[in-house]
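Subject: Handing over a structure

Hello,

Here is the structure I promised to pass on. Please open it first, then read the notes below.

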Amino acid sequence: MRFDTETIGVEMLERDKLPRNRFAGVREHRLITDPRVFGTDTGEGAWAGFGNLVYLADARLVPAGETGMHSHREIDVISVMVEGRMQHQGSLGHGQALAAHEVQVQRAGAEQFSHNEINPDDSQNRLIQIWVLPQGAGGAADPGGAPRGSNVGGQREHHRGAVPRGDDPLLLL
């Protein structure tokens, strides 16, 4: 069945029609940039947030690229690795690695955390990054941040299987 989006009031946002933003070693399409987080710098064509969802980006780090050290505060950062790997350096989750088809949730509480995301490979990687405002302010930072996942040897295990192989995660959101 095909829906007439104009009749039912649904808007479609097409990633490939959005400008590709660049900073440090990152190339990304920003689909959602909420003014509560980004102020007036929300980017051309991106939608404002929905409820607590304030950021959605389809990003790639260039080979051996990195974001550079940056901070998050009072935000839950969800990273879905689609292709390649990513490593973290910083005050939260230092040394953790994320591989394709894994999901990492980090909670930046009131005390904030600073980190650098690094592509350790000689090929471009791809991830979907989602930022969500926490239910309540003032919480503690947590490198796992998710209510599920096992804690193995003091390290929170990544949530596996969230992105079925061969599927585009943007279609699953």
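Some ground rules. This is a predicted model, in which local features need pLDDT of at least 70 and side-chain atom pairs count only at pLDDT 80 or more, while totals for chains, interfaces and linings use all residues. Residues are numbered from 1 along each chain as its sequence is written, and side-chain values use heavy atoms, with hydrogens and water left out.

Confidence

pLDDT is the predictor's confidence in each residue, from 0 to 100. The protein chain averages 75. Of its residues, 74% score at least 70. One is residues 1-5, with 3 contacts beyond four places in sequence. The other is residues 145-173, with 51 such contacts. A contact means heavy atoms within 4.5 Å. Where pLDDT is low, the predicted coordinates should not be read in detail.

Overall make-up

The protein chain has 3 helices and 13 strands. Both are DSSP runs, numbered from the N terminus: helices are H or I with at least four residues, strands are E with at least two. Of the 173 residues, 40% are buried. Buried means under 20% relative accessible area, exposed means over 50%, and partly exposed is in between (1.4 Å probe, protein chains only). Residues 24 or more positions apart account for 70% of them.

Strand β5 and its partners

Start with β5, residues 75-83. Because 7 of its 9 residues are buried, β5 is largely enclosed by the rest of the structure. Which strands does β5 pair with? One is β8, joined to β5 by 6 bridges. The other I would point you to is β10, residues 126-132, joined to β5 by 7 bridges. Both pairings run antiparallel. Two strands pair if DSSP finds at least two bridges between them.

In β10, Ile-78 stands opposite Ile-130. Val-77 stands opposite Gln-106 in β8.

Salt bridges

How many salt bridges does the structure hold? It holds 6. A salt bridge is a side-chain nitrogen of Lys or Arg within 4 Å of a carboxyl oxygen of Asp or Glu. Side chains of opposite charge can pair when their charged atoms come close.

Arg-107 and Asp-76 form one of them, at 2.7 Å from N to O. Arg-107 lies in β8 and Asp-76 in β5, so the pair ties together parts that are 31 residues apart in sequence. Asp-76 is buried, at 9% relative accessibility. Arg-107 is partly exposed, at 30%. Leaving aside neighbours within four places in sequence, Asp-76 also touches other residues, among them Gln-106, Ile-130 and Trp-131.

Arg-85 and Asp-121 form another, with the closest N and O atoms 2.5 Å apart. This pair links distant parts of the chain: Arg-85 is in strand β6 (residues 85-90), and Asp-121 is in the loop between β9 (113-118) and β10, 36 residues apart. Arg-85 is partly exposed, at 38% relative accessibility.

Glu-28 and Arg-30 meet in a salt bridge too, at 2.5 Å from N to O. Glu-28 is buried, with a relative accessible area of 3%. Arg-30 also counts as buried, at 19%.

One more place to look is His-29. It sits in strand β2, residues 26-33. His-29 is buried, with a relative accessible area of 9%. His-29 and Gly-43 are 14 residues apart in sequence, and their C-alpha atoms are 9.7 Å apart in space.

Over to you.

Best wishes
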